[in-house]
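Notebook open. I have a few spots to look up today, one at a time.

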Amino acid sequence: MQRCHGKVPVLLTVWCFLSVWIAPVTLHPQCLDFKPPFRPLRELEFCVMYTEFGCCDFQKDQELMRKFYKIMDHFDEYGYESCAGFVSELLCQECSPYAAHLFDAEDMNTPVRTIPGLCPDYCSQLWTKCSSTIPLLSDHPHIAKVKDDQTRFCQYLELEDMDYCYPHLLSNQRLTKNLGRVQSDSEGCLQLCLEEVANGLRNPLAMVHANDGTHRFFVAEQVGVVWTYLPDRSKLDRPFLNITKAVLTSSWEGDERGFLGLTFHPKHKYNRKLYVYYSVEVGLDEKIRISEFHVSANDMNVVDHASERVILEIDEPAANHNGGQLLFADDGYLYIFTGDGGMAGDPFGKYGNAQNKSALLGKALRIDVDDNERGPLYRIPPDNPFIHERGARPEVYAYGVRNMWRCSVDQGDYLTKEGKGRIFCGDVGQNKFEEIDIIEKGRNYGWRAKEGFSCYDKKLCANSSLDDVLPIYAYPHKMGKSVTGGYVYRGCEYPNLNGMYIFGDFMSGRLMSLREDFRTGQWTYNDICMGTGLTCSFPGLIDNYYQYIISFAVDEAGELYFMSTGTPSATSPSGVIYKVVDPSRRAPPGQCHYEPLPVRVKSNLIKFVPKETFIGTRNKPTPEPTEAYDWLQELIDRLGELGPDPTTPLPTTTTTKAPKHSGRKGRRKKSRSRAQSAPEPQNGGVRLVGDEQGRSNQGRVEIYINGEWGTVCDDLWTTKNAAVVCRQLGFQYALKAARNSEFGEGKDLRILLDDVQCEGTESSLLDCKHAGVGLHNCAHYEDAGVICGSSDHIVEV
């Protein structure tokens, strides 16, 4: 199982002048309900020291105050004066942001202490001055046994980790600094966690809600099936929509065609309308189709398939860059985001499709689909920017885009509404840069003149009439090679994330964030890492995810999710949906409560069963923090190099036919490796080269054919191909198919194989389908590699 933590750099902190490395396992506030602390809605009256941030709401505070007075009723005035401070302090530790640690309750299976862990000096004072309060504070049998012996009593109350003992933790700056904020490492990588929501999906590329109060969510698979999920995450066994017979796609890894987009009409609750975006084949032509459907009048969880009306069809000259985003913005119009038509460099016409306003490709389109029961299927909004420009298509809202993959509308700050209505998009780059744009009416986003902030077509770039708008952020291909646009978080549950735009990269598996300073208009970038150590050890949370980040989503309450897969194939059921969780702070209890409207269900329910697990990763320093971090690399480092085990054959696998116009710029991931000397060369023999640490189980694949060594160059390199290589070398498992020169470029060698298609059982790559020895249409920056292993638990973690 391939998973990634995005970029997970050094998660150790230099502290004070001693330059001591401190493990972040200590930076882990947690309440007794096994959830993060919060700021109470109402000021506390008893445990006032935790009124800004802690684990008690007003109701719990009042409960502790009643308990305090009940205990102190046993004391005279002198006893009250001597012991009231001790009793109130001990009771109020249930409100501490570190309550779970003070009461030794990080693990749900561990009995909770009845008295918090005390530092030895404080415990001695308590016992000396107020030992009579001990049986009133706790009725635990063991405390009853040791309460009369100071040494035994204080030893019993000691914590294994003395950093957390009360009251020293109050003055421990490592624990109190930035308390309640999203934790980050010394390089600013934000520590977040995940919650698994759904699994077993085939390239899930859209998750939407109907905004009808039911809090259902609908998940679209690339093959053309949409599933209904209820708020409890159970799945209906009857698909919401199934148009697999019409959708054009294949099982070939990297095929960008298929069911690509889904959105509900803003008034769906009343008109039952929804819109889909998918690839079709009409005769010999490939097209993208935008259709309108109605939900069945008899079952709110099933689309009336006979209701389809084709709103728009656009010819696709190639199989890649198909766009795929549909959304309704605040103005009520339908926005359609198309790709530039495919191939590379937008080679269509004099200036390319993207700069040609008479073409619908490479654009953000805007149409009006309201009141279309009679007359035209859509109308042109009267303020569309080019309706009066000769030759321009009136549907065009913005142009100069390459292949915008996932766009979203900012719902705005809950109180101020700041940012509301902005449309954010990730635009996939060509050779050098990926970018994030805010889409505005009539603007030119630069492609193919520019890629990110740099020139791509120098002649077009120098054109004074270009008047393009620059991205708000662009990143180079050493960080990732295919952006997946995300969302500005506006949910309720995690206040720290409000206003943060969270997005990812399909190829590197990197999670990233941007936050705007509204005073200056500047955007601040931070990587997002999975929390290390015990940071994500809350019940139900995990700290790892599948590598290929396909899409992001929000539910009806505004909480953020993303979808990823271990195998980027439309038929591979390895897709998982994750909810993004901030372990440092939550909303106060009750603030985010909602009651979903009832759903009439007419099909069977499939109960959700989580499959992912918490790993408890401890990250170590890396010399190049901008490089994508590889979860598998760390596991191999920790478990030791895997030796070959030729005794167990690999399972048989199947492959499928490539698309007609196989695109070379898709959405994929990244890794590392090293050289291994091969035995006596024979035709079809392979070796692994390029691992920086000398491991023999991973590297760039080099093959020996007709007396010379050469590379395998293929950006559609699959795990089935990797399986053949690994088995040749004596390994049981292919843990990873590495693409795009992730183990370096073999520039000193010829490229000997390209377009390799294996079934996984062949004796060598020469036995697989391929373009022919020495024939290729690629370059060394696409050299393929593998990571092999002999232990299946590495794949399963």
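I count a polar contact as a pair of N or O atoms within 3.5 Å, where one must be able to donate a hydrogen and the other to accept it. The model I am reading is predicted.

Entry one: Thr338. I looked up where Thr338 sits and found it in the loop between β15 (334–337) and β16 (363–367). Is Thr338 buried or exposed? Thr338 counts as buried because its relative accessibility is 0%, and the cut-off for buried is under 20%.

Next I checked its polar contacts. The Thr338 side chain reaches the backbone nitrogen of Gly362 at 3.1 Å. A polar atom of that side chain also lies 2.7 Å from the backbone oxygen of Leu360.

Then I listed its contacts, leaving aside neighbours within four places in sequence. Among them are Leu360, Leu361, Gly362, Lys363 and Leu365. Tyr277, Ile288, Ile314, Gly323 and Val401 are in contact with Thr338 too.

Entry two: Tyr277 and its strand. I followed Tyr277 to β11, where it is the bridge partner of Gly261. β11 covers residues 273–282 and runs antiparallel to β10, with 5 bridges joining the two. I looked up burial for β10 (residues 259–264) and found 6 of its 6 residues buried.

I looked up the second largest pocket and noted a volume of about 810 Å³.

How values were computed. Residues are numbered from 1 along each chain as its sequence is written. This is a predicted model: local features need pLDDT of at least 70, side-chain atom pairs count only at pLDDT 80 or more; totals for chains, interfaces and linings use all residues. Side-chain values use heavy atoms; hydrogens and water are left out. On a 1 Å grid over the protein atoms alone, a cavity is a set of points where a 1.4 Å probe fits but cannot get out, and a pocket is an open set with protein on both sides within 12 Å along at least five of seven lines; lining residues have an atom within 4 Å of a point. Grid points are joined across faces, edges and corners, and a volume is the space filled by probe spheres set on the points. Helices (H or I, at least four residues) and strands (E, at least two) are DSSP runs, numbered from the N terminus. Buried means under 20% relative accessible area, exposed over 50%, partly exposed in between (1.4 Å probe, protein chains only). Contact means heavy atoms within 4.5 Å. Two strands pair if DSSP finds at least two bridges between them.
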